[in-house]
Amino acid sequence: MSDDEPIDAFHLPGLEEADVERWEIREYGPAPVRLRFPVLHARALTRIADRIADAGGAIRSMGSGDIVAFIDSAARRLADVDDPLRRTAEAALPAITGYSAPMIRLVLDRVTRDWTAPALLELLDREIPQGALERFVPERGTANRMLAVGPRLTLHIGSGNVPGVTVTSIVRSLLVRSPALVKTAAAEPLLAVLFARALESVSPDLGDALAVVHWPGGQSTVEDEAIAAADTIIVYGGAGTVQSVRRRAHAHTRVIEHGPRASVGLVGRDALATNREARAVATRVAWAVAVFDQQGCVSPHVVWVETSVAGADTFAALLGEALDAVEAELPRGSLDAAEAAAIHDVRARAEFRAMDGGAVRLFEGHGAAWTVIRDQDPAFEPSCLNRTVRLKPIDRLEDVAELIAPLRGFIQTVAVEGAGDRLDRLVHALAAAGATRITDFRRMPWPPPAWHHDGAGPLRELVSWIDLETE
Amino acid sequence: MSELHDLPDTLGAGLDAAFTRPIEHPLPDAEFNALALAAFAWQCKHNRHYMAFCERRGRTPATVTHWSDIPAVPTAAFREVELACASSGEADAVFRTSGTTADARRGTHVVPDIGFYHRSLIPNFAAMVVPEGRPMTMYSLVPPPRDLPDSSLSHMIATAMQRFGTRDSRWYASVAGGIDHDALVRALADACADGMVVCLLGTSFSFVHWTDAMRERGEHHRLPDGSRLMDTGGFKGRSREVGRDELRATYLELLGIPPTHCVNEYGMTELCSQFYDASLRDAVIRRRRGPDRKVVPPWVRTDVVDPTTLEPVPAGCEGLLRHTDLANIGSVIAVQTEDVGIAVDGGFRVLGRATGARPRGCSIAMDDLLEAVKRRTS
């Protein structure tokens, strides 16, 4: 971005000069991309929160179809490569997040699809009985009626650098007609703002029900005010963040947490029956590892392969080739010193361990592009990420459930391929071990919009039910 | 004392000559190169792990013609194998990194011939910590080697104390009791009363701990002029983080030691050589203030490399420090660290450690997960 003007990284309806204590400009990347943030007075945050909560009245008078249509139009702006908002996203997000430009384009294409009408209608249909957000509807099996009501004000606390996570969270609360106060993540504070602008351009009413801003996390009075103002809080982040929010929230405030999770993969012997099949699976595994540079909660840390050590080496070589091919199409992003050092550290240790007995074998891409470590120790081991994956040969896929059971609460997605007719039994064992999503490698990075995110219905967990008892 | 098996006489003599050079006179590149290549060839012959590492990179004594191409071993490798030209059973010393990281395996540095370690340590310490050349009373805040037999720092302090310390020099810490506050305070009070110059030695963390306690008790000293301290290492992630400036202010306030006489040492278990702040030598010998820097002794070269490619960075850029240390003759001379630094005129500056990645993604951080797994399985 050569423009001298920084990009405003906030969307604050009715912001007044007196609300802003001072302005902050942050620079990202070598070019650099510059973002402008307001540092708000705590009292200003309270006023803005009240204002958007009041704007909820306008949303609640809209039909669900209208809300869906407006979100869809906003999503299409961000999906349209000729739209100025999309162009801003493409230009700025690589420097902000560290992801490569092709990765940003891919992620924008995929996530915006989740905000279009067909996806939203499916989500509504799956989660909330038809019409229940607009009027009392009959409750099945009784004479009673019920109405679904979204929170008066939902506070979203974003985290991490994966673009779109916060917007998906916003979309969910808008679908249940709840105004959204959004604290963006320091590592990706822009896309939610661009979405808010797109939404405002198609529906000023919806734009008025949305405030997006960043403040430093922790004990700030601004955050205290935000926590006090909301009746539902959706918090993304580490255990410390979640605990801190829980501690400060009123007893009656609903806190929904999406803490960090890790995912794993299983490749059964049926998927390795022919070289061709093995190569195809390796390609799917490579994509699952590469998307978000493995930093997603859906990204696999470890892949267990139901084969011999030699078989695992063969598969590791195929996976390496596939990761090379992915790198050409979807280059890994920039690494900071700590991330690069972590990769070199893991490689060095594997390399020297391989010399004494060969319990591990190292496969590595050029530079720090990717790393595959074949490791005979079957235990789960967290990855240092950025396309560093451990392949573990295992006698029986069924044994994996026991290996992930100690990680209950941390393991989210398990991709399984090649289990053949054992799949049914296997998925029950994985579910019992704590996995909340079981899929294949192709779908692994892209959970559907209506997924039970970390085990709960994304709209159902937001709404309250009003019962109307009749004769 | 063991000797390095079939080490060429010319190499041994060349190293000893390098150790006796004036500290500010680096070996000319041709001389350094000749010694480094000879050391490299000898190490590849006696260290099969290292040879395998070099072969994988296609850079062996048969192909390398300049020391900067000698493959540098990441410090992490010292946690996996004994990277030495002799087995630990035959070695004079085996030093281990402290076992505080989540991973149980500690880095191990086997030092087959401690003589090279001592012959490089002494002139460097002399030049940077006691440049006046007079013996000095030394008080250590680190436990002695009998408490910490595998600590290279404890060994280093013992060696310095033996060589440069007066008979009053003492250890004021033990593994069992920690720092002996009362005895140390009495000793410092005596030193003040007698006008006796002292040199305090310890880790930065031990100094923070100790000065916190002094502040709590309302104690402070004004040590006689010429007193000094050497603190080593960082203390990030420990119970309390303190910046360098704050620490220097504390040293002046509570001990009366001015910033010029607070010498920070940067060293690591995996390296025989140390790097000291230039401040004391600048003040006492050169009598002018130089840039803030760590001094590279003549027998070492320190490069700054790109963290991803591990290739040298352009001058003035930050990167990871890589040391080629001829005193490491018994193990591996080329060591790749995870310390972030920058080259400056006459040395380098350490900016921190490349750990603790920026917040990224929504995947759980490795340390958190390891911690959780450990909690549940223990």
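Axes are lines fitted to C-alpha atoms, for helices over the stretch in contact, and angles run from 0 to 180 degrees between N-to-C directions. Helices (H or I, at least four residues) and strands (E, at least two) are DSSP runs, numbered from the N terminus.

## Model and numbering

This is a predicted model, in which local features need pLDDT of at least 70, side-chain atom pairs count only at pLDDT 80 or more, and totals for chains, interfaces and linings use all residues. Residues are numbered from 1 along each chain as its sequence is written, while chains are lettered from A and ligands numbered from 1 in the order in which they are written.

## Helices 3 and 4 of chain A

Helix 3 (residues 64–79) and helix 4 (residues 84–97) of chain A have axes that come within 6 Å and cross at roughly 55°. That angle is why helix 3 of chain A counts as oblique to helix 4 of chain A. By definition, angles under 35 degrees are roughly parallel, over 145 roughly antiparallel, 65 to 115 roughly perpendicular, and the rest oblique. The crossing of helix 3 and helix 4 of chain A is right-handed.

On the helix 3 side of chain A, the contact uses A:Arg77, A:Leu78 and A:Ala79; on the helix 4 side, A:Leu85, A:Arg86 and A:Ala89. Contact here means C-beta atoms, placed from the backbone, within 7 Å. By class, the residues of this contact between helix 3 and helix 4 of chain A are 4 nonpolar, no polar and 2 charged. Nonpolar covers Ala, Val, Leu, Ile, Met, Phe, Trp, Tyr, Cys and Pro; charged covers Asp, Glu, Lys and Arg; the others, Gly among them, are polar.

## Two sheets in chain A

Chain A has an open sheet of 7 strands in the order 13-14-15-12-11-16-17, with mixed pairing. Strands pair if DSSP finds at least two bridges between them. Strand 13 (360–364) and strand 17 (437–439) of chain A are at the edges with a single partner strand each, so one side of each has no neighbour in the sheet. On average, neighbouring strands of this sheet are turned by 20° against each other, direction ignored. Strand 11 (residues 262–267) and strand 12 (residues 300–305) of chain A run parallel and are joined by 5 bridges. In that pair, A:Val264 has A:Val302 of strand 12 as its bridge partner. Helix 14 (residues 337–355) of chain A packs on the sheet. Helix 14 touches strand 13, strand 14 (371–375) and strand 15 (388–393) of chain A, and its direction makes about 135° with that of strand 13.

Another open sheet of chain A has 3 strands in the order 4-5-18, with antiparallel pairing. Strand 4 (137–138) and strand 18 (464–468) of chain A stand at its edges, each with a single partner strand, so one side of each lacks a neighbour in the sheet. Strand 4 and strand 5 (residues 145–149) of chain A pair over 2 bridges. A:Val137 is opposite A:Met146 of strand 5.

## Backbone details in chain A

A:Ala31 and A:Pro32 are joined by a cis peptide bond, with omega about -15°. A:Pro32 sits in the loop between strand 2 (20–28) and strand 3 (33–40) of chain A.

A:Leu385 is not a glycine, yet its phi is positive, about 70°. A:Leu385 belongs to the loop between strand 14 and strand 15 of chain A.

## Domains

Domain bounds come from an automatic or database domain assignment. For chain A, the assignment gives domain 1 (7–260 + 453–468) and domain 2 (262–439). Their C-alpha centres lie 33 Å apart. Domain 1 of chain A puts 10 residues into the contact, and domain 2 of chain A puts in 13 residues. The domain 1 side in chain A has 6 nonpolar, 3 polar and 1 charged residues.

Chain B splits into domain 1 (9–109 + 298–337) and domain 2 (116–295). The C-alpha centres of these chain B domains are 27 Å apart. The contact takes 24 residues from domain 1 of chain B and 18 residues from domain 2 of chain B. Strand 2 of chain B gives the most to the domain 1 side, with 4 residues. By class, that side of domain 1 of chain B has 12 nonpolar, 9 polar and 3 charged residues.

Definitions and conventions:
Left-handed = near helix turned anticlockwise from the far one by under 90°. Contact = placed C-beta atoms within 7 Å.
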